[in-house]
Amino acid sequence: MTDPLNPGSDVAVYVHWPYCARICPYCDFNVVRDRGRAEEQAGLVAAILDDLTAQAALVGPRRLASIFLGGGTPSLMQPDDVAAVIARARALFPVEGSVEVTLEANPTDAEATHFATLAGAGVNRLSLGVQSLDDAALRFLGRNHSAAEARRAIEVAGRAFDRLSIDLIHALPGQTPQGWAAELREAVGLGFEHISPYQLTIEPTTAFGRAAARGDWTPPNEDTAAELYETTQTVLSAAGFEAYEVSNHARGTAARSAHNIHVWRGGDYVGVGPGAHGRLTLGGVRTATVAHRGISNYVAGVAAGAPWAEQEAMDHLAAAEERILLGLRTVEGAPLAAFETLGATARVADLVADDFLVIVNGRVVATDKGRPILDSVLKALLT
């Protein structure tokens, strides 16, 4: 497979819907409470559609690679609005046949009632933010659903969608490898084709970050976190899942997230919605875009023809570094040409000699020894 730093002309679409029924204490995304905002939301949908149209005009004729509706909680969107966004993206970037359309959802009873309607709107892959199948863990994580409610929602989702993904969080206080293994095996048994196990990350600006700083609770130490990571690999590998990215496991190649792969390979993607990031090739130059974070600022910016708070033309060094940062997280790795651009081939050779990296068909790939300490490997490569 050829893989230059700009690997194709297809373009993906990411839509950020910032509304949530509840703000989780670990979340540092651009989100707001979903209360009494119907008029604001209608204006935001109109702005997203206009933004899509304007960015399509900028990038020129392209083929649609995928659509991903994230947030926030896009399952709180009106299904008609979801259908309108999908239809607009397909009209602007024509593609023959099916294209992956993922929507993130929370597994509450209320949201589950809309799953079939969302499938009818054009969503064909649902990513469920279950986070845990244990009630005590769910209470700690500040979730607005119980484990039983999640299981009911999963059953409903299975009737509406052929493709299902589940998000789970590990490295919780007091969590044991045995308990985590049981939770993973249950997720496998529930029929998911894709499992995304994330280690709990404590960001200082979140409620969890402030609580940890006060000493209210302490995350597991590095040894326990490493054991939980190894448990993840062992259990999911035995169940036929491939860790095709550090935090993403798929039951076969067809179950991988086409949207995420497109992004990790360095493909172009349009980002619309408040705070959405994008990567576009404009005038032959890879360009990083970030939309205005505030909802009103974003809507006003779109109306004024200026939706982006930031727009940066990436030089060849920045583009190469991004390819390495994204590519090394995956089983495909990053092209050796990117390391050559940065003058990092000697560092690659050192890490290959130490069995942290391997070179396969002109690509640099993290080994089983290198993946668990990927942050340290990247620091050694890029510092």
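Which elements cover the buried residues of α11? As a guide to all of them, residues are numbered from 1 along each chain as its sequence is written, and side-chain values use heavy atoms, with hydrogens and water left out. Because the model is predicted, local features need pLDDT of at least 70 and side-chain atom pairs count only at pLDDT 80 or more, while totals for chains, interfaces and linings use all residues.

**View 1. Helix α11 and its cover.** Helix α11 spans residues 295-303, and its buried residues are I295, Y298, G301 and V302. Here, buried means under 20% relative accessible area, exposed over 50%, and partly exposed in between (1.4 Å probe, protein chains only). Helices (H or I, at least four residues) and strands (E, at least two) are DSSP runs, numbered from the N terminus. Looking down the axis of α11, you will find its buried residues within an arc of 130 degrees, so they line one face of the helix; the arc is that of the directions from the helix axis to the C-beta atoms. Their cover includes β2 (19-20), β3 (32-33), α1, β11 (268-272) and β13. On the face turned away from the buried side sit the exposed residues S296 and A303. Just after the helix comes G305, with a positive phi of about 75 degrees.

**View 2. Helix α8.** Here we turn to α8 (residues 207-214), in which F208, G209 and A211 are buried. These residues cover an arc of only 165 degrees around the axis, which puts them on the same side of α8. Among the elements covering them is α5 (135-140). A213 and R214 are exposed, on the face of α8 turned away from its buried side. G215 follows the helix and has a positive phi, near 85 degrees.

**View 3. R286 and its partners.** R286 belongs to strand β13 (residues 285-291) and is buried, at a relative accessible area of 11%. Its side chain makes polar contacts with the side chains of D268, at 3.3 Å, and E322, at 3.1 Å. A polar contact is a pair of N or O atoms within 3.5 Å; within protein, one must be able to donate a hydrogen and the other to accept it, and residues adjacent in sequence count only if both atoms are side-chain atoms. Leaving aside residues up to four places away in sequence, R286 touches others including G266, R279, L280, E312 and M314, where contact means heavy atoms within 4.5 Å.

**View 4. Helices α1 and α2.** The axes of α1 (residues 38-59) and α2 (residues 79-92) come within 10 Å and cross at roughly 10 degrees. Axes are lines fitted to C-alpha atoms, for helices over the stretch in contact, and angles run from 0 to 180 degrees between N-to-C directions. The two helices α1 and α2 are therefore roughly parallel to each other, a label for angles under 35 degrees. Residues of α1 including V45, L49, L52 and A56 meet a set in α2 that includes A84, V85, R88 and L92.

**View 5. E321 in helix α12.** E321 lies in α12 (residues 316-327) and is partly exposed, with a relative accessible area of 34%. Not counting residues up to four places away in sequence, E321 touches L342 and L382.

Conventions. Parallel < 35°, antiparallel > 145°, perpendicular 65-115°, else oblique.
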